[in-house]
Amino acid sequence: MLLTHLSAFQALPELYTVSAVCDLEKERRDRVAQVYPAVRPYRRVEDMLDDPEMDLVFIALPSSEHVACALSSLARGKWTVLESPIALSHEQATLLKAASLKARGKLFPCLPGLFAPEFLLARQMLSDSRLGTIYEAVVRRQDYVRRDDWQSLKRCGGGATWYEGPEVVQQAVMLLGGAPVQLWGELKRVVSLGDAEDTLHLVLKGRGNMSVYIDVGGGRMDARLPAFEVRGDRGAFSVMPGVLEGRIRAIDPDFKFARRRCSVRTPPVADMHEEIPVKDYAVSWAGTDSAAVGFWRALHDSVCRAAPFVVSLEDAVETVRYLQVVKQSSPFAK
């Protein structure tokens, strides 16, 4: 995570300068100093927050410490970017929302996945007529990693619900086109060495016929599957993780089905499938920014130019509420 964001700041030198870093481990502070020799190192968060030359604070601590640190930053009038999750309960998230309002809206959730090319391409497909009427989407993240850090421990706020959930749920809500009216989920621990879950399955149902399935797996050894899928009544789109090109497989747009009517008659012995001409298309994303660069570029526009951010703090707070419901109804609730 550290290297990802450092690379993004390096790609945007005209927008960001890293002026201070806080970490208990000297090795991590030195890694930042290698890129930004003038950076001021700190071991205590409060000392860094008191730095008068720092305008914006990016918080990436153990999840259980996020709220307290963000409140301290907002109280000092700093622009504050909070890594997922912004909070471990809806009550905490609401407290942060109030503190941000008092600080004139200076709190932002860190959700670079909303700027990932494959996600932006999937959103674009929602209006692609070749797919017909969209009824379903899939958001998928899969890996095989035996985590043994604090992210695998419940007492530290670990678990896939919190380190993956906020971003994938927000992606799902945006694909859904609005807040879900129904939510179903399950959590599992498959290969993680801690006591927190590493697998998250959610289904979000919209008001119409649209639903989104979220599949986060930390113990997936099977072949790589698409990061996003969008399905309509005439075709489907899929895109693999970290690529700029996806595929559409759809019924030929010029093909029209023969008129038929439903009947109570006994079905024929023959196969009832119709012969349908199907075409394959490649679709590409024209942008060049990585997810992290896209996030920090959009954040700068919001802070310095008052441009609307891709997601409101209210939506981020609602996402915490959805995930809290799933967490509390699982064996991994505290």
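Start with the largest nonpolar core, which has 87 residues; Ile86, Ile214, Phe237 and Trp296 touch the most other members. A nonpolar core here is a set of buried Ala, Val, Leu, Ile, Met, Phe, Trp, Tyr and Cys residues joined through side-chain atoms within 4.5 Å. Buried means under 20% relative accessible area, exposed over 50%, and partly exposed in between, with a 1.4 Å probe and protein chains only. In soluble globular proteins, nonpolar side chains tend to be buried together.

The model is predicted: local features need pLDDT of at least 70, side-chain atom pairs count only at pLDDT 80 or more, and totals for chains, interfaces and linings use all residues. Residues are numbered from 1 along each chain as its sequence is written, and side-chain values use heavy atoms, with hydrogens and water left out.

Select Ile214 next. Not counting residues up to four places away in sequence, Ile214 touches Val139, Val168, Val169, Ala172, Leu200, His201, Leu202 and Leu204; contact means heavy atoms within 4.5 Å.

Val169 leads on to Thr319, which touches Pro166, Val169 and Gln170 when residues up to four places away in sequence are not counted. Thr319 lies in helix α10 (residues 313–328) and is buried, with a relative accessible area of 4%. Helices (H or I, at least four residues) and strands (E, at least two) are DSSP runs, numbered from the N terminus.

Phe237 stands opposite Ile248 in β12. Strand β11 (residues 235–239) and strand β12 (residues 245–251) pair in the antiparallel sense over four bridges; two strands pair if DSSP finds at least two bridges between them. β11 and β12 form a hairpin with five residues between them, and Gly242 in the turn has a positive phi of about 70°.

From β12, move to strand β13 (residues 278–284): seven bridges join the two strands, which run antiparallel. Val278 in β13 is the bridge partner of Ile251.

The last stop is an open sheet of three strands in the order β3-β4-β5, with parallel pairing. Its edge strands, β3 (56–59) and β5 (107–109), each pair on one side only. Neighbouring strands of this sheet are turned by 20° against each other on average, direction ignored. Four bridges pair β3 with strand β4 (residues 79–82) in the parallel sense, and Trp79 in β4 is the bridge partner of Leu56. Helix α4 (residues 66–75) packs on the sheet, touching β3, β4 and β5, and its direction makes about 165° with that of β4. Axes are lines fitted to C-alpha atoms, for helices over the stretch in contact, and angles run from 0 to 180 degrees between N-to-C directions.
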